[in-house]
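Thanks for asking me to look this one over. Here are my notes, point by point, with the model first.

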Protein chains: 2
Amino acid sequence: MTNLRLEDIAKKAGVSRSTVSRVVNNQLNVSDKVRQRVLKVIEETGFSPNAAARTLVSQRSNTIGLILPHSVSTFFTDPFYPHLIKGISLACNHYDFTLALFVAGTREYQEKILPRLSSRGFLDGIIIQSGHDADQSIILELASTNIPLLVAGRPLYEDKVCYIDIDNVSASEKAVRHLISLNHKHIATITGPLTSTVGHDRLTGYKIALEKSGLKYNPSLIIESDFTESGGYNAMKKLFPAQPDAVFAASDMMAIGAIRAIKEAQLNVPDDVAVVGFDDLPIPAVNEFQLTTIRQPVVQFGFKAVETLIELIESDYPVIKRVLMDTELIIRKSCGS
Amino acid sequence: MTNLRLEDIAKKAGVSRSTVSRVVNNQLNVSDKVRQRVLKVIEETGFSPNAAARTLVSQRSNTIGLILPHSVSTFFTDPFYPHLIKGISLACNHYDFTLALFVAGTREYQEKILPRLSSRGFLDGIIIQSGHDADQSIILELASTNIPLLVAGRPLYEDKVCYIDIDNVSASEKAVRHLISLNHKHIATITGPLTSTVGHDRLTGYKIALEKSGLKYNPSLIIESDFTESGGYNAMKKLFPAQPDAVFAASDMMAIGAIRAIKEAQLNVPDDVAVVGFDDLPIPAVNEFQLTTIRQPVVQFGFKAVETLIELIESDYPVIKRVLMDTELIIRKSCGS
DNA sequence: CTGAAAGCGCTTACAG
DNA sequence: CTGAAAGCGCTTACAG
């Protein structure tokens, strides 16, 4: 564990530096006798090779960066992020990569971080979690560094970069179709911010479902909100005049807020207003309200993101990749049956 | 942004490699004329120095590791972690360090991660978030690698390693003293797991407060729990027979669970049973119940942890550091006035 | 103020 | 199967 070099191990084992290197890297062209001798010395000394030297010569750091850009203030309330990080960490451990985490916070920090991100020989690839319009410039900047880049969340200029996302459009369509199949006619939606592609895509799914089933599209049944509980509550209050018999909220937190508003209005869920959410958060409230919702495979999403990035890293020529992940409709009681 | 080297910039600017290096590193012994010329070429080419080469020669990676060990299943529900990560990230950005995150998950992964952690030339220092008994072996293992190590959370063998922690003992003492000052006589406590130093220290503070004020120590007023809402709820139910007039819960979530149990028992908070929590979580429930609690400076804690680690890294000889951070009693209505 | 040279600790053709 | 040597891209005394 001290500052031993390959050279020192070589001397102790009575072989050359090259041979020790081969043993360390599990190459086969070493006689068993020599290998054992070298392994013994390594064991005894606790030697482990210098990562920087390895990176320098092999041009591979086995490190990937995860960037959470400044628009992520929900980082602290939304269980999405811990789960995403879990999935990414699992995959990094599995594939022997190290994860460098960058919480950008503000534009100022983005600028401080950028040089570090783009310095050669540091990161083999980068995942940036986004989907918000405000992050598009940093995405394009990163894309121009030639370091393999994967956007987690559909970016605005999707033709320029590789990305992975939940299939928000068909997930939402699935949720709304379920409401339609239960014979609801006046289906409202509370959207996420339409400055983000997530917000946008979930609204698109809603529209497609209506269209396919021949239901009328009614603008007064659509309220833009912000993914939060209080946002959902306020949005629901604005929806009452339009007399919806069902609501598709683009997040569980908004669904929970909406339910609070519905109950305050002395109405019943699901009899007066059916509610479907989105996320399937592992929080007590989702259970308490028996929320029907869309389950996002967040951990798998993170895992798959790393796998996809590694493919990009190992590909010899530039490729454009798109990955969309399927979701599952979880039927509970908030929309009747 | 392509694979330019110092050498290439030198050639384009008509100077030596050494000079370019000096300019890049902002050293002063370069004439202004030459500096400008070099800077211009750097600007035009988008050159940025190779991090691995730099690390190799300078023996400094400017990267620190944060390890979240396997006992951290609360990672996904407890806002402590995102806030900790925020503080650590802020400090890393500020001091130009990069954060490598290791979510150990299981013992198996701990073993996979360990070689990477201890490989020379990769991390300048390591922060391990812990305080749980189960993590002691990995802490001791890391301590033996000679890489500067800071434990975030008081470790079991505190004489062997550097650590930073919230001052849990005096925080709890402060909380319980507050209850005593309000004339409560039968003060119960719901502790965290006593297999963790946090759980332990908060209980110690409780005992000290009682002792100092001459109140009798009554074992039936102490229930061990697990920091969760349902844990607090169940613990409170067990406490009723002992007829407490106040409860100090070692976490806000447990306090909220306790309040639920108290209300179910048709009792009133704070008139029948006063409640004090611990954390001051930024969640709606804390506000809703007007919970009197101890505010932990979690973001500052993370920031300070990085600063302390950097001191360790920059110190020429091994030192043992201890940092305890102060807390604040936030008085709301859950314990009367 | 500037440059030539050594060296950080590895990997990997190349030769034997 | 094994070793000598070159080279990855920097920094930093040393000399001028």
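**Notes on the model**

1. Let me start with a loop: A:Asn146 sits between helix 7 (136–143) and strand 4 (149–152) of chain A. Helices (H or I, at least four residues) and strands (E, at least two) are DSSP runs, numbered from the N terminus. A:Asn146 has a phi near 75°, which is positive although the residue is not glycine. Most residues other than glycine have a negative phi, and most peptide bonds are trans.

2. Before going on, please keep in mind that this is a predicted model, in which local features need pLDDT of at least 70 and side-chain atom pairs count only at pLDDT 80 or more, while totals for chains, interfaces and linings use all residues. Residues are numbered from 1 along each chain as its sequence is written, and chains are lettered from A and ligands numbered from 1 in the order in which they are written.

3. Two cis peptide bonds deserve a look. One joins A:Val269 and A:Pro270, with omega about 5°, and A:Pro270 belongs to the loop between helix 11 (252–264) and strand 9 (274–276) of chain A. In chain B, a cis bond links B:Val269 to B:Pro270, again with omega about 5°.

4. What surrounds DNA strand D? There are 26 residues, and the closest are A:Ser16, B:Leu6, B:Ser21, B:Asn50 and B:Ala53 (near means a C-beta atom, placed from the backbone, within 6 Å). Helix 2 (17–24) and helix 4 (51–58) of chain A, together with helix 2 (17–24) and helix 4 (51–58) of chain B, each give two or more residues to this surface. Helix 4 of chain B has the largest share, 5 residues.

5. The two chains also meet each other: the contact takes 42 residues from chain B and 42 residues from chain A (contact means C-beta atoms, placed from the backbone, within 7 Å). On the side of chain B that touches chain A, helix 5 of chain B supplies the largest share, 8 residues. Strand 2 (residues 98–103) of chain A and strand 2 of chain B run antiparallel, joined by 3 bridges (strands pair if DSSP finds at least two bridges between them). A:Leu99 stands opposite B:Leu101 there.

6. Within chain B, the axes of helix 5 and helix 13 (residues 298–314) come within 7 Å and cross at roughly 45° (axes are lines fitted to C-alpha atoms, for helices over the stretch in contact, and angles run from 0 to 180 degrees between N-to-C directions). The residues making this contact include B:Phe80 and B:Leu84 of helix 5 and B:Phe301 and B:Val306 of helix 13.
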